[in-house]
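Please find below my note on the model under review.

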Amino acid sequence: MADTSNIPALFVRNPEWSVMFDMDAEMARQTRRRIYDQIIRDKLMAGGFHFPFPAFGTIEAAGSGYRFQPLA
């Protein structure tokens with residue numbers, strides 16, 4: 001999940017954004033949405049190296065993007 005979102009505050013919230021590390025920007029956008037939707041649908045926990053402490057939590061739909069909610 002870490003490379004899917006890089007920085008959750010940016011890429012979970014704005015899945016349409018891309019960065020130079022995305023070799024195929026459109027595929028990265030589609031992959032982010034597919035993975036975030038799966039996490040929500042299957043009620044999975046998400047986490048990664050670049051995520052804020054405690055680095056694990058849930059993802060929920062928020063507007064045209066998503067929101068990462070760290071475990072309390």
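Predicted model: local features only at pLDDT ≥ 70, side-chain atom pairs only at ≥ 80, totals over all residues.

1. Residues are numbered from 1 along each chain as its sequence is written, and side-chain values use heavy atoms, with hydrogens and water left out.

2. The largest nonpolar core has ten residues: Phe11, Val12, Tyr36, Ile39, Ala46, Phe51, Ala55, Ile59, Tyr66 and Phe68. Such a core is a set of buried Ala, Val, Leu, Ile, Met, Phe, Trp, Tyr and Cys residues joined through side-chain atoms within 4.5 Å; buried means under 20% relative accessible area, exposed over 50%, and partly exposed in between (1.4 Å probe, protein chains only). Two or more of the core residues come from each of α3 and β3 (65-70); helices (H or I, at least four residues) and strands (E, at least two) are DSSP runs, numbered from the N terminus.

3. Contact means heavy atoms within 4.5 Å.

4. Trp17 is partly exposed at a relative accessible area of 43%, whereas Asp22 is buried at 16%. Leaving aside neighbours within four places in sequence, Asp22 is in contact with Trp17, Ala28 and Arg32.

5. The structure holds five salt bridges, each a side-chain nitrogen of Lys or Arg within 4 Å of a carboxyl oxygen of Asp or Glu. One of them joins the side chains of Glu16 and Arg33 (2.6 Å, N to O). Glu16 lies in the loop between α2 and α3 and Arg33 in helix α3, so this pair ties together parts that are 17 residues apart in sequence. Glu16 is partly exposed at 40% relative accessibility, and Arg33 is partly exposed at 25%.

6. Another salt bridge pairs Arg29 with Glu26 (3.4 Å, N to O). Both residues lie in helix α3, three residues apart, which is about one turn of the helix. Glu26 is partly exposed, with a relative accessible area of 41%.

7. Asp42 and Arg41 also meet through their side chains in a salt bridge (3.4 Å, N to O). Asp42 counts as partly exposed at 37% relative accessibility, while Arg41 counts as exposed at 57%.
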